[in-house]
Amino acid sequence: MKTLSIDVRRAEPHDAQAISEVHRLAWQHTYAGIIPHRALTHMIERRGENWWRKATRGPATLLVLDVAGTVAGYATLGLNRARALPQEGEIYELYLRPEYQGIGLGRMLFGEARRLLKSLGCKGLVVWCLEENENASHFYRGHGGVDFCEGMESFDHKQLKKIGFIWN
């Protein structure tokens, strides 16, 4: 009988290429048809291996979900950037390769990100997602997130509503 190792750990510079691939696949899968093609392509291309290598050195914390030696997902987190909100922590991004979605691994990565923020002394948490990203909205609501506030993001002159989910 084989044992499958699943671990959430801090990203290392050698993970940069794999994180870049997760980013590309997850964003194409998630945002095709939501974010205009040109803007989406530009956002993906600017975050290549070198960008992720620098990201492993901060200032945000970068976690990876490692499934049997494969980087299956990542999360970035740190201090809340929306000063009008009282929550101190924020998960900036949480993405999985499409083939690893829907089997509980997102819950594991999300839980570890929340625990890390709490261990760093952050009281409360905010996560933003585009309103049209129904899978993310469902995920955050299902994990106790309260749809608390809204904002707008512009992508090639297309305005998209984003939702701020909070946990206290």
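How far apart in helix H4 are glutamate 112 and arginine 115? I find them three residues apart, about one helical turn; helices here are DSSP runs of H or I, at least four residues, and strands are runs of E, at least two, numbered from the N terminus.

The model is predicted, so local features need pLDDT of at least 70 and side-chain atom pairs pLDDT 80 or more, while totals for chains, interfaces and linings use all residues. Residues count from 1 along each chain as its sequence is written, and side-chain values use heavy atoms, without hydrogens and water.

**Entry: salt bridges.** I took a side-chain nitrogen of Lys or Arg within 4 Å of a carboxyl oxygen of Asp or Glu, and the count came to 13. Glutamate 112 and arginine 115 form one, with the closest N and O atoms 2.8 Å apart. Another network joins Arg9, Asp15 and Asp66 through shared partners.

I then looked up arginine 38, which pairs with aspartate 156 at 3.0 Å between the closest N and O atoms. This pair links distant parts of the chain, 118 residues apart: helix H2 and the loop between strands E6 and E7. Arginine 38 is exposed at 60% relative accessible area, and aspartate 156 is partly exposed at 35% (buried is under 20%, exposed over 50%, partly exposed in between, with a 1.4 Å probe on protein chains only).

**Entry: helix H3.** Glutamate 49 and arginine 53 both sit here, four residues apart, and their salt bridge has its closest N and O atoms at 2.6 Å.
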